[in-house]
Amino acid sequence: MRVTEQQIRSEELKTAFLRHLPQRVKILARRAERQRRDGWDVNALLLLETEFARLADAAGRYGLPEQAAPLQALADSLQPFVQGTTLPDAAANEAILEALEALHAPMGQVAMQAFGAFGDSLVRAPSTESPGIASEPTVTDGYARETSPPQEYWRALGIDEIAPELSRASGSEAKPSEQPAEAALSQPQPSPEVAFLGTDEVLHDLAMHLEQTGHVVVELANVEAMIATLQAGQPPRLLVVGPRALTALPLLAPALRHSRVEVGHRVTLLAVLEQDDLGARLEALRAGADHALPRTLGLPTLLAQSEPLLRDDAGEAPYRVLIVEDDPAQAAFAEVVLRKAGMQTRTVVEPLATLDELERFQPDLILMDINMPGADGLELTTLIRERDAFVSTPIVFLSGDPDSERQYAALDAGGDDFIAKPVRPKHLIAAISNRVRRARASAQRGSRGGWSGEALVERNVLFDRIARQLAARAGTVPLGSLLLAEISDAPRLREHLGLGGFDRLQQQVAAWIAAQALPREILAPFGPSAILMFAPHRGETAMLAFAEDIAARIRLERFEAAHALTLTITVGVCSMGVGADPMALLGACERALDAARRRGASVGGQVASRDSIGDSLSSLLRKALADDSLHLAFQPLVPIAGLAMAPRYQALLRLRDPRGTEHAAGALLPEAEAAGLLPHVDTWVLKRALAVLDARRKLGKALTLFVSQSFGVFKEVWQDGELMHALSDAALPPGSLVLEYRWEALRAEYAEAARRFEALRQHGLGVLLAGVTALTLSQPDFAALPLDYVRLAPELARDGQARAVVGVAHARGAIVIAPRVQDASTAAAFYAAGADLLQGNFVQEVGAQLDYDFASHPA
């Protein structure tokens, strides 16, 4: 019988589900037992009931009735309390305990089955009796309990052989009646890599996540136990001390210092604080912690911060640094400092010999002086960047030149950083180490861009990762999301390019998406024209934004296999909370993709059902509008080169849900549009901005606020008589409130937009057009738009067109804003292009206060 693609996919999904079902049930049972022991919380009860019911449903779909039955029984035992108004009493707790115990045997069967041959049934051992070991399964509570493992069961686990003393036949010298527990205890146990002290719920989840990614984790009861682990032959590489145990840090410090200094072990101490309090962080660092983070950052951030601390750099090649310095004394200083730090160095004192030495030495980083005879550092950098092999090699300038214009020019020429002389050795080592570490990580990611790279995996590997993620978050709202991207008009493209050509195109598209992905995000081919991507730490909001971004930018890409054809994709996105197993998640992604295709949209999304965890985002938004509980955050727009301007801030919409998660405008506005709330949201933002401006005016403080608005609901917003009345009462200085519209939203209605923008200006409001590119300037009637500001598209920083766009905007009298400035090189590129204002985290991150010091910190 011919096996279809759908059958193979179903078996892959079933295998992934089976492999991780026991772990998921174990975590859920642990949570249920903790609730049963310490007292029930209604939210935890709701989550557990929902999760057990989902697993029961999935087990039933996969043909596992022995596992589905106890799972459903446990969900049923919780359901009356979910639907009622009381929590489980003592009798109910006993019933729940019995239901939990009934899970053990069927989950053991699943564990064995998951390691068997793909799609096969559980293989039982032949009936070979041995003294002292039962050959038949015993029956307890109606469920078979295996006490004799199948013959050579270890081979099903992927182990070629086990120790002879454990696999001898009954006739061997070893007595079969020897206690198996003693044999197990005699085996060497792996040393813990991570030790936790003072674990709470968040850190418990962090520990489980680290276990799921292959780390050996131990949770300790007291500081004495942690000191004992430090005194062991191989102590943990990471110690995590939670809020409950921070007072133990001074007691831990001597043992930690001895392990590091006297013995030479690499041990990192992470202190997790209750709140983000600067004083508490400093106190933790002074007590010996290497890092101090608040638990309010949430699990994804704590996990992302913890994993790099566990990387083993012992086998990594030494950092290679090429020093280009015409002063022998300065070169010798840098060489001695870096070699003492374990780096390999080579010095070039004749600048013109640099290019030849590059090929011979192949450095990880170039440390460059600026002012040198023959060829200065800027000229050398330009020549180096022309060579493909060194286009991404970090170049750090080390110079005593105090001229800020010269420093900007160095970055604009292709430099990555600038260090002023004199420099302390620790500063030099840290700056170079960080740059090389990031460059190597980036190169490693880049090497995974091809179809055969690590970021692009087989589909069954991706399904297994999804199941593992679900297992790690059993009983809670799962992290992560999925993306399914389908190449549009695939039949026509396949006919035009041929089967081989279309396969190459699919590979190139997958490699392009992989290049945009974050570390640990993986992709797999899916069917004849689609690509499936799993992002373990990217939430539904971030994934929707990512999908919108790649769907827009792929139109501008030119793939070699596409023969210069413009390519489009349709994308479906779903959060991990929409299903209990990979099959359910995949179905949700396909439905989202189909919905987007029917609407003629580029992106469709399915987010987690909020029935079990609270209100939907649209419901929260509706409630926040009624309660006036939305709020604004602010980011400064800083003038370049001393341009005299009053303080300017971008006002950004935010909503904090009952769980403490803050939702940004990128997540709120699509929900508002779908729920018909967009006019109300835009009106609220305008009224709140007017209130902020009025309060500042009464304090005698000048301020300009920029607020985003949706052109599609322009009429509905300005028909609000209350808003017009508020604007009139505010009596604001002209131009102190600037309304931002995106040029794509104008839909070529430039004449109507020009009329509306002019009306706004007559009311004393400023007008900003965002996302402006060279393509924008070429649109008919664009020149007729009355504009006060232009916000450049972020990609102009790297495509070389920024200077031309800025020139046209300046010719029209508009002030130019450079957005999303995250690093010095982007700032330098926009500075060189002539932009007037910088905005981005390089200047200051988004915050709740209008506290940027414009006088002391110009861009």
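**Figure 1. Helices and strands of the predicted model.** The protein chain of this predicted model has 31 helices and 27 strands. Of the 859 residues in the chain, 46% are buried. Among contacts with a separation of 6 or more, 68% are between residues 24 or more positions apart.

**Figure 2. The largest nonpolar core and the residues around Trp 718.** In soluble globular proteins, nonpolar side chains tend to be buried together. The largest nonpolar core here has 76 residues. Leu 705, Trp 718, Leu 737, Leu 739, Phe 757, Leu 760 and Leu 785 are those with the most contacts inside this core. Helix α24, residues 678-698, supplies the largest share of the core, with nine residues. Beyond its neighbours within four places in sequence, Trp 718 is in contact with Leu 686, Leu 723, Met 724, Leu 727, Leu 739, Tyr 741, Leu 760 and Leu 765. Another core, of 51 residues, lies apart from this one; Ala 29, Leu 100, Val 457 and Leu 593 are among its members.

**Figure 3. Buried and exposed faces of helix α23.** Helix α23 spans residues 665-674, and its buried residues are Ala 665, Ala 667, Leu 668 and Ala 672. Seen down the axis of α23, these buried residues fall within an arc of 160°, so they line one face of the helix. The face turned away from the buried side carries the exposed residues Gly 666, Glu 673 and Ala 674. The cover over the buried residues of α23 includes helices α20 (540-553), α22 (617-627) and α24, together with strands β20 (648-656) and β21 (662-664). After α23 comes Gly 676, which has a positive phi, near 70°.

**Figure 4. Helix α15 and its packing partners.** Helix α15 covers residues 377-385, and in this helix Gly 377, Leu 378, Leu 380, Thr 381, Ile 384 and Arg 385 are buried. These residues are on the same side of α15 because they cover an arc of only 160° around the axis. They pack against β8, β10 and β11 (395-399), and also against the helices α14 (354-361) and α16 (404-412).

Figure 5. Arg 406 is in helix α16, one of the elements against which the buried residues of α15 pack. With a relative accessible area of 23%, Arg 406 is partly exposed. Leaving aside neighbours within four places in sequence, its contacts are Ile 370, Asn 371, Asp 376, Leu 378 and Asp 401. Along the chain Arg 406 and Leu 378 are 28 residues apart, and their C-alpha atoms are separated by 9.3 Å. Leu 378 is also one of the buried residues of α15.

**Figure 6. The second largest cavity and its lining.** At least two lining residues come from each of β8 (320-324), α13 (328-340) and β10 (365-368). Six residues of the lining are nonpolar, one is polar and two are charged. Strands β8 and β10 also pack against the buried residues of α15.

**Figure 7. Gln 469 and His 209.** Gln 469 is in helix α18, which runs over residues 459-472. Its relative accessibility is 8%, so Gln 469 counts as buried. In sequence, Gln 469 and His 209 are 260 residues apart, while in space they are 8.2 Å apart, C-alpha to C-alpha.

Figure 8. Most residues other than glycine have a negative phi, and most peptide bonds are trans. Lys 421 and Pro 422 are joined by a cis peptide bond, with omega of about -5°. Pro 422 is in the loop between β12 (417-420) and α17 (425-446). Asp 489 has a positive phi, near 55°, and is found in the loop between β13 (481-487) and α19 (490-516). With a relative accessible area of 42%, Asp 489 is partly exposed. Asp 628 also has a positive phi, near 60°. Asp 628 lies in the loop between α22 and β18 (631-636), and with a relative accessible area of 41% this residue is partly exposed.

Methods:
Residues numbered from 1 in each chain as written. Predicted model: local features only at pLDDT ≥ 70, side-chain atom pairs only at ≥ 80, totals over all residues. Heavy atoms only, no water. Helix = DSSP H or I, 4+ residues; strand = E, 2+ residues; numbered from the N terminus. Nonpolar A, V, L, I, M, F, W, Y, C, P; charged D, E, K, R; others polar. Core = buried A, V, L, I, M, F, W, Y, C linked by side-chain atoms within 4.5 Å. Buried < 20%, exposed > 50% of the residue type's maximum accessible area, 1.4 Å probe, protein only. Contact = heavy atoms within 4.5 Å. Arc of directions from axis to C-beta.
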